[in-house]
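These are my notebook entries on a single structure.

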Amino acid sequence: NNSYPAVAAAPDGSSYAAMVIDTLYVWNADGSLRFQAPASGLLNGYAALTYSADASRLLAPAPDNTAINIFDTASGTILRTIPATFTDAHLSPDGRSVAAVNWETGSGQIWDVESGTRLGIIATPHRAESVAFNPAGDLLVISGQGNLETPDSYSYLATVIDTRTWETLGELYSAGAPGQVRFNQDGSLVAFSGSYLPAIYGPP
């Protein structure tokens, strides 16, 4: 029953970040503090810290827990605030899009970072618990428990979406729990860290 702060490491190793209670801390690789800012640790859901692939941008929950901030990691300034209600969110590798999911609505939202506009809503046949782009940025995975109305829905794990069209490519089933979804750096493995049976999956 321990509670740990959310953490993230820049893909190039230049910095790392942690969400401690209500503050975002970003350190340089040598351990010196780069900047800190008010944030939200999310009582329900995941703190959703995500770097862009070039480490120039960092996604973190806003202090009021009803929005998402995109930081410039060099200066610590906020580039954009996304007004999304969410239980998890993820920044695309190119830093231009944000995917946010909400457990209560069961849907995903896609936002454009440059304009701050919502590009669309993605409906899933399950609860939307967690979301992640793969490192290539061409896939989006939304995990969540099924609606429990059919035998198969009890083993529902996630929906896979093509980010070029935002169309659903397929659905994943497993005995493991959905939980937070994250890819490894080359995209060959995906992990679902649920409350029980956390699991790592490779190519089919």
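Entry 1, nonpolar cores. I take a nonpolar core to be a set of buried Ala, Val, Leu, Ile, Met, Phe, Trp, Tyr and Cys residues joined through side-chain atoms within 4.5 Å, where buried means under 20% relative accessible area. I note that the model is predicted. In it I found that the largest nonpolar core has 15 residues. Those with the most contacts inside this core are Ala17, Leu24, Val26, Leu49, Tyr51, Leu58 and Phe71. At least two residues of the core come from each of S2, S3, strand S4 (33-38) and strand S6 (57-61). Another core, of 13 residues, lies apart from it and includes Ala48, Ala84, Phe86 and Ala89.

I then listed the contacts of Ala17, leaving out residues up to four places away in sequence. Among the residues that Ala17 touches are Ala6, Val7, Ala8, Leu24, Val26 and Leu58. Tyr25 and Trp27 are also on that list.

I counted five aromatic pairs, with ring centres within 6.5 Å as the criterion. For Tyr25 and Trp27 the centres are 5.7 Å apart and the planes stand at 15°, so I recorded the pair as stacked; the cut-off for that class is under 30 degrees. Tyr25 is partly exposed at 24% relative accessibility, and Trp27 is partly exposed at 22%.

Most residues other than glycine have a negative phi. Ile21 has a positive phi of about 55°. I located Ile21 in the loop between strand S2 (15-20) and strand S3 (23-28). Is Ile21 buried or exposed? Its relative accessibility is 71%, and Ile21 therefore counts as exposed.

Trp166 also has a positive phi, near 60°. Trp166 is found in the loop between strand S15 (156-162) and strand S16 (167-173), and it is partly exposed with a relative accessible area of 28%.

Entry 4, an open sheet. In which order do the four strands of the open sheet lie? I read the order as S13-S14-S15-S16, with antiparallel pairing. Strand S13 (130-133) and S16 stand at the edges with a single partner strand each, so one side of each has no neighbour in the sheet. The average twist from one strand to the next is 20°. S13 pairs with strand S14 (residues 139-143) over four bridges. I noted Leu140 in S14 as the bridge partner of Phe133.

Conventions. Residues are numbered from 1 along each chain as its sequence is written. This is a predicted model: local features need pLDDT of at least 70, side-chain atom pairs count only at pLDDT 80 or more; totals for chains, interfaces and linings use all residues. Side-chain values use heavy atoms; hydrogens and water are left out. Buried means under 20% relative accessible area, exposed over 50%, partly exposed in between (1.4 Å probe, protein chains only). Rings of Phe, Tyr and Trp (its six-membered ring) pair if their centres lie within 6.5 Å; planes under 30 degrees apart count as stacked, over 60 as edge-to-face and the rest as tilted. Contact means heavy atoms within 4.5 Å. Two strands pair if DSSP finds at least two bridges between them. Axes are lines fitted to C-alpha atoms, for helices over the stretch in contact, and angles run from 0 to 180 degrees between N-to-C directions.
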